[in-house]
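Subject: Structure handover

Hello,

Here is the structure I promised to pass on. Please load it before you read the notes below.

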Amino acid sequence: MIRLDRLTKSYAGQERPAVDDLTLEVPEGKIVVFVGPSGCGKTTTMKLINRLIEPTSGRIHLADEDVTKIPVHELRRRIGYAIQQSGLFPHQTVAQNIATVPGLLGWDKKRVHARVDELLDMVGLDPDTYRGRYPKQLSGGQQQRVGVARALGGDPQVMLMDEPFGAIDPLNREALQNEFLKIQSKLRKTIVFVTHDIDEAVKMGDKIAVFAEHGNVVQYDTPEKILAEPASEFVTDFIGAGAAVRRLSLTKLGTVDVPLWPTVPESASAEEQQDAAADSDREFVVVLDEDRRPVGWLPSDGGTRLPLISPLGPGTSLYDALDEMLAVNASALTVVDDIGRYRGVVSLDTLRTLIHTNGGSGLLQGART
């Protein structure tokens, strides 16, 4: 969808270009994250794509069309743009902000109204409540949601997102990231996303371009490959410690096989339950109700049944599973399917095995969902 061909941007008085001879392709329907330290050229590259600044040399292609030959105003109507702190027009209502590009495209009022309500629903804001509000009447997280909705207003081919969640507190930031990934799973837009946070890059990106100085991309690959096989010492240092743990966040429980621990029906007699527990090769057996939903743990040493901590669903990442184990001081948790039926048990041993299988490749096969 986007192809950068030997792109260079120089400024008067600077010894080296801000972006120097950059060649890169952004695949259609994917999120490509530009990540790197401050001043490395990632935001400059983004601004070059929609010609907020003009390149010194090189070419930028959008769907095989040279953007330098497209009138700037037409180009920007085809590209959604979301920035840090939302950049909403303070004198316009939420509805007017979202309607900016549809209005420029000449949509009729009925279609614009429907699009505004559709997008507010999509980003988790009730249209009747928020349509007529002004930005100053919104929280920071709500403003950012409206900013994303505005960027999607004209149903653009491409979205550029410059640290869109950077000014949001950690709790709301995670919620916005999750919300956006849900939206993207349906819309499949082509997105360039700039951040300086490697954890955000790993979570958001289908591919990551790691920038060093002067727009030099030192590695361009999937998050899995970058974490498992950093291409240089610079990438290793930028990733920092904890790459093995970060890989856990890329894998959902629904994409891996988890061990089936022994089970016993809740309807069985006390004696039958104790016999099943005693015959088990595990420390516990899982007690299931008549719909095969886990309802408790039965110790194999003959102890009383223990209550069940909330089971983990198929959309839970292995990182979140580990976090939950540590939070509740448990070495194993039950895993269920989409309708709550027993699928198996994830344990610390399971996670350890997945991390080290084939140098991590076992963990990462089929990880992106």
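First, the ground rules. This is a predicted model, in which local features need pLDDT of at least 70, side-chain atom pairs count only at pLDDT 80 or more, and totals for chains, interfaces and linings use all residues. Residues are numbered from 1 along each chain as its sequence is written, and side-chain values use heavy atoms, with hydrogens and water left out.

Pockets

Pockets and cavities come from a 1 Å grid over the protein atoms alone. A pocket is an open set of points with protein on both sides within 12 Å along at least five of seven lines. A cavity is a set where a 1.4 Å probe fits but cannot get out. Lining residues have an atom within 4 Å of a point. Grid points are joined across faces, edges and corners, and a volume is the space filled by probe spheres set on the points. Helices (H or I, at least four residues) and strands (E, at least two) are DSSP runs, numbered from the N terminus.

The largest pocket holds about 1200 Å³. Its lining has 32 residues, and Asn-178, Leu-181, Lys-203, Ser-249 and Lys-252 are the closest to its centre. Two or more lining residues come from each of α8 (170-187), α9 (198-204), α12 (243-248) and α14 (318-328). The largest share is from α8, with 8 residues. By class, the lining has 13 charged, 10 nonpolar and 9 polar residues. Here Ala, Val, Leu, Ile, Met, Phe, Trp, Tyr, Cys and Pro count as nonpolar, Asp, Glu, Lys and Arg as charged, and the others, Gly among them, as polar.

The second largest pocket has a volume of about 450 Å³. It is lined by 20 residues, with Arg-76, Ile-79, Tyr-81, Val-101 and Arg-150 closest to the centre. β6 (79-83) gives the most to this lining, 5 residues. The classes are 10 nonpolar, 7 polar and 3 charged.

Cavity and aromatic pair

There is 1 cavity of 30 Å³ or more. The largest cavity has about 60 Å³ of space. Its lining includes Val-123, Arg-145, Phe-165 and Phe-180. α8 supplies the largest share, 4 residues. The lining has 6 nonpolar and 2 charged residues, and no polar ones.

Phe-165 also pairs with Phe-193: the ring centres are 6.0 Å apart and the planes at 50 degrees, so the pair is tilted. (Rings of Phe, Tyr and Trp, its six-membered ring, pair if their centres lie within 6.5 Å; planes under 30 degrees apart are stacked, over 60 edge-to-face, the rest tilted.) The two residues are 28 apart in the chain.

Sheets

Strands pair if DSSP finds at least two bridges between them. His-61 stands opposite Asp-66 in β5.

Another open sheet of 4 strands runs β11-β12-β13-β14, with mixed pairing. β11 and β12 (residues 284-288) pair in the parallel sense over 3 bridges. Thr-263 stands opposite Val-286 in β12.

Best regards
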